[in-house]
Amino acid sequence: MFSSLPAPKADPILSLGVIFKEDPRPNKIDLGIGVYRNSDGVTPIMSAVRKAMLTQAETQPTKAYIGLAGNETFNQAMTDLLLGGTASYDRASAIQTPGASGALRMLADLIASTKPNTTVWISRPSYVNHQPIMTAAGLAVREYPFFDAETKRVDEAAMLAQIAELGQDDVLLLHGCCHNPTGGDISIEAWQQIADLAVRNGFLPFVDIAYQGFGDGLMEDAAGLRLLADAVPQLLISTSCSKNFGLYRERTGAAIIIADSLEATMKARGRALELARGTYSMPPDHGADIVANILGNEALKAEWLAELAAMNQRINRLRTQLTQTFREQSDSDRFDYFSEHRGMFSVTGLSNDQIAALRDEHGLYIVGGGRVNVAGMKERDIPTVVKAFLAVGA
C-alpha cells in the first residue's frame, strides 16, 4: 500500500533540532526551535504551573472523558482573558484544541465546510505551518505583502493596499502579536484600518495569537485583537498556552468563534465540534486544567503574571543587549531592528550559504530564511553570536 509514497520532507525546524543534538561541539548554540530559555539555557516549568500541577495531582477525582469541547472552565477563562469587556464578548464561544495548530486546523475545516470557495490570505512571510494547515483543509491560500526585507520593518502601506482589495470570499489571517517569523508587529492604527476595511468589504478576520505576553505585555499584546472584537461582526481566533504558560508539550490551545449573533456562533460551534469528532475527538485535558486552575485562583494568577512579565522583560533586555553589541562590534546601526522587533523571533535576511556557515564554522544554528530565536539566547552567548554573524558577512 505505501511503497509508492514519495520520500517524506523533513520538518525544517524540528529536523534542525535533531542535527543540533548530534553535533558534538561543546559550545554549539541553538537559536532555531522556538522555545523560551532562561539564562542557563533551560526552558523552565513556571512556578505557578508547578503549583497548579501539584494541586491537580492531589485533587483531580477522575480521568474520565470530558467531552468534545474539552475543559469548559478553561474555555471560559481563555475567552475572559482575550475578550473580557469587548463588544463581542457575549457572542463569543471557545473550544479547547490540541494546541494553536489544532485550533488553526479546526477553524480552517470550519471555513471549508461552510464556504469552500474561500481564499485565506496569509502574510509574506508567515508562520511555517499556516499555509500547510489551510491547504490541507482544502482552502486556497494567497499572500499579502507584510515585511520589507531591506528595512526589516513591516510595510504597512503595501499590506493595507492589498487588504483593501479583499471581499466576502476572503479570510485575512493575522498574527495577533510578536509576528512569527519576523518579529515585526503592525501599529494600532493599522489594526483600526483593517477593522474598518473588514466592516466595509465583508472579509473575515482570523487572528492567530500564540505569543501573548511576550511582546509589550499581556493586555498590550492583545490590543489589536480586542480592537477588532469591538468593531467587526465576525471574527475567528486561535490561541496558544505553549509560550506564555510554558506548556509546550501539553498541546493546550483554543479556537474562539465570534459570529454576528450568539445563535449563529452556537451553530458554528456545533459544526466545529462535529469536525472535532471526526479527527481527534477530545482534546487532552492536563494542560487545560492547569491553565484553568491558574486563571481561576487569584494568588496563582498573580504569580503567573509576575513570571510572565519577568520573561517578557528578559526577552526585551536580550534584544537591547544584542543591538548594543552589534553596534559596538560592527560600528553600525544596521542591526538596530533587533531592538525594534517584538517577541521571540527576528528575521535577519541571511542567505542559505551564510546560515550554513554559521552552523558549520561556528556551531550556531538558525532556521532557513534567517529566523533567529532571540528568546533562546543566553546573555553570555551574545558576543559569540554577534562575532559569528559578522564573520559570515551579515
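Which residue in β8 is the bridge partner of Leu 173? Keep that in mind while we get our bearings. This is a predicted model, where local features need pLDDT of at least 70, side-chain atom pairs count only at pLDDT 80 or more, and totals for chains, interfaces and linings use all residues. Residues are numbered from 1 along each chain as its sequence is written, and side-chain values use heavy atoms, leaving out hydrogens and water.

**Whole chain.** Colour by secondary structure: the protein chain has 14 helices and 13 strands (DSSP runs numbered from the N terminus, helices being H or I of at least four residues and strands E of at least two). Of its 394 residues, 53% are buried, meaning under 20% relative accessible area with a 1.4 Å probe, protein chains only.

**Strand β7.** Now select residues 170-175. Because 6 of the 6 residues here are buried, β7 is largely enclosed by the rest of the structure. Show the side chains: Asp 170, Leu 172 and Leu 174 point one way, while Val 171, Leu 173 and His 175 point the other way.

**The neighbours.** Trp 121 stands opposite Leu 172.

Next, select residues 204-209. This is β8, paired with β7 in the parallel sense over 5 bridges. Here is our answer: Leu 173 has Phe 206 as its bridge partner.

**Last stop.** Select helix α7, residues 188-201: with β7 and β8 it makes a right-handed β-α-β unit. With the strands pointing away from you, the path from the first strand over the helix to the second runs clockwise.

Conventions
Buried means under 20% relative accessible area, exposed over 50%, partly exposed in between (1.4 Å probe, protein chains only). Two strands pair if DSSP finds at least two bridges between them.
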